[in-house]
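Here are some friendly notes to read alongside the model. Take the points in order, and keep the structure open as you go.

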Amino acid sequence: MSVLTKPLGALGRAVLSALAMIGRVALFALDAFSHMVRPPFYAREMLAALFQIGWLSLPVVGLTAIFTGGALALQIYAGGARFNAEAVVPQIVAIGMVRELGPVLVGLMIAARVTSSIAAEIATMKVTEQIDALVTLSTHPMKYLTVPRLLAGLIVVPVLVGIGDVIGVFGGYAVAVNNLNFNAATYLKNTVDFLEPLDIVSSLVKGAVFGGIATVMGCFYGMNSGRGAQGVGGATKGSVQAAAILILAANFLLTGLFFSV
Amino acid sequence: MITLTGVHKTFGTNRVLRGVDLTIDSGTSMVIIGGSGSGKSVLLKCILGLVKHDSGTIALDGQDVTRADRDAFLARFGMLFQGGALFDSLPVWQNVAFRLLRGSLKRPKSEAREIAIEKLRRVGLTPDVADKFPAELSGGMQKRVGLARAIAAEPEIIFFDEPTTGLDPIMAGVINDLIREIVTEMGATAMTITHDMTSVRAIADNIAMLHDGVIKWTGPVTRLDDSGDPYLDQFIHGRAEGPIAAVR
């Protein structure tokens, strides 16, 4: 009997643990959102977060987008050639970048760069009692550490996604015009004509959701880190894994929400 | 006056505090001593609300701290953390003036900076330290900056968590003298946690010994050497034999 019940018990414990974790993250996120509308507000920390998450992420976002757009153009051209549909390169690059690859890749890059950095920073603050120090200095850690980062993520990641979309489309354009002999004006016209406002809106909404996920997960894991260097390492690793999976899951849900007929 | 009555705190199966009863009179300096892992830091964190106690009451001037206005309560406290707990991303003067740059005690930036520099001078640091970052300072200097931050808003109650840990004997002596002077001149109530018996004798008016989650002995520093308490005797003389197990 125990041969049967032991694995089931382990599975049950894992499921319960996962559900408890989801509950804790949800409560943390709700708490963070509730603090966003209650003073005091820390403008200086908000500006620093905007700079860290937005401006300093531009190079990685730009490079990711341009190479992805270029590779996408090559793939679509090669695939389209099998049934004489090479001309669809501008349309598919545009729709692929704006609807899916732009937001997802920017989201994953933000998870890698920003979530890890937030988790490591806050976890280190916890280990070195800086979070306790904040409390004794009458400063709520949620307001001082989480809210500025969450707000910055919600504001600046859609902007990064927009920039990534444009650079990705440009990457496809550059490859198509220089390597695949597309006419530049026709390529641009086809791109602009094919994109619809909903494509752009969905891209930016995804950006905001992914920005929220990336920052909340960084803060949650940082605030709940274990002790010592191992605790900081575990928080960093856990935050990036969780943010990446949640971003991909949210992308699937949002795509279904926006584009299922 | 801080009054603790029957304070309990358990982490999982580990019963850290098992009914702590303690009174700290206003304007006095209480030092809590006890072995590693005896729950001294947990006790201090329970008073500040950083850790929620399971049962018992903690009262400040007769008012239950869990029911008091949190901001008003914390505004009365200053704390020096064991490792300094300075904010790495802020220069020294902003660490010291942290409370004066935001919240209910907010002052204009120039005034906050002036106060920070004055507090740095009070703990023996020169104004050129003000614009450095914590990582650029030695351990002793970081402790002093932490002390300056603890006293910046002139609190009524100051907590010191292992103020001399990791410092050489000379620097430890400097910090002990500073704490004693500051507490006396500010008329503040102080509560210190330490293992360092030199600190105890330099800082304390009263002493409480925490062991097995309860206060085993409490009394004035003048009775430290003739308390007749076997736990206290073993601890202050650093003996391996006695009622306190050496290997815990």
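1. Let us begin with a term. A residue is called buried if 20 or more other C-beta atoms lie within 10 Å of its own. Please also keep in mind that this is a predicted model. Now try the term on a residue of chain A: is Tyr187(A) buried or exposed? Tyr187(A) has 24 C-beta neighbours inside 10 Å, so Tyr187(A) counts as buried.

2. Stay with that tyrosine for a moment. Tyr187(A) belongs to helix H7 of chain A, which covers residues 184-194. Which residues does Tyr187(A) contact, if we leave aside its neighbours within four places in sequence? They are Pro90(A), Tyr173(A), Ala176(A), Val177(A) and Phe182(A).

3. Next, step back to chain A as a whole. Of the 261 residues in chain A, 43% are buried. Among contacts in chain A with a separation of 6 or more, 87% are between residues 24 or more positions apart.

4. Now for helix pairs. Two packed helices are described by the angle between their axes and the distance between the axes. In chain A, take helix H3 (residues 58-80) and helix H6 (residues 141-179): their axes come within 7 Å and cross at roughly 40°. H3(A) and H6(A) are therefore oblique to each other, and their crossing is right-handed. The contact includes Val61(A), Gly62(A) and Ala65(A) on the H3(A) side, and Leu160(A), Ile163(A) and Gly164(A) on the H6(A) side. By class, this contact between H3(A) and H6(A) has 15 nonpolar, eight polar and no charged residues.

5. A second pair in chain A is helix H4 (residues 89-127) with helix H8 (residues 197-223). The axes of H4(A) and H8(A) come within 7 Å and cross at roughly 15°. H4(A) and H8(A) are therefore roughly parallel to each other, and H4(A) passes H8(A) in a right-handed crossing. Their contact has 18 nonpolar, 10 polar and five charged residues.

6. Chain A also meets chain B. Here 11 residues of chain A are in contact with 15 residues of chain B. On the side of chain A that touches chain B, there are four nonpolar, five polar and two charged residues.

7. Finally, look at helix H5 of chain B, residues 139-151. At 1.5 Å a residue, the 13 residues of H5(B) should span 18 Å, and the end C-alpha atoms are 19 Å apart, which agrees. Why is H5(B) described as largely enclosed by the rest of the structure? The reason is that 11 of its 13 residues are buried. Among the buried residues of H5(B) are Met141(B), Val145(B), Leu147(B) and Ile151(B). What covers the buried residues of H5(B) includes strand S6 (77-80), helix H4 (109-122) and helix H6 (169-186) of chain B.

How values were computed:
Residues numbered from 1 in each chain as written. Chains lettered and ligands numbered in written order. Predicted model: local features only at pLDDT ≥ 70, side-chain atom pairs only at ≥ 80, totals over all residues. Helix = DSSP H or I, 4+ residues; strand = E, 2+ residues; numbered from the N terminus. Expected span 1.5 Å × (residues − 1). Buried ≥ 20, exposed ≤ 12 C-beta atoms within 10 Å, placed from the backbone. Contact = placed C-beta atoms within 7 Å. Axes fitted to C-alpha atoms, helices over the stretch in contact; angles between N-to-C directions. Parallel < 35°, antiparallel > 145°, perpendicular 65-115°, else oblique. Left-handed = near helix turned anticlockwise from the far one by under 90°. Nonpolar A, V, L, I, M, F, W, Y, C, P; charged D, E, K, R; others polar.
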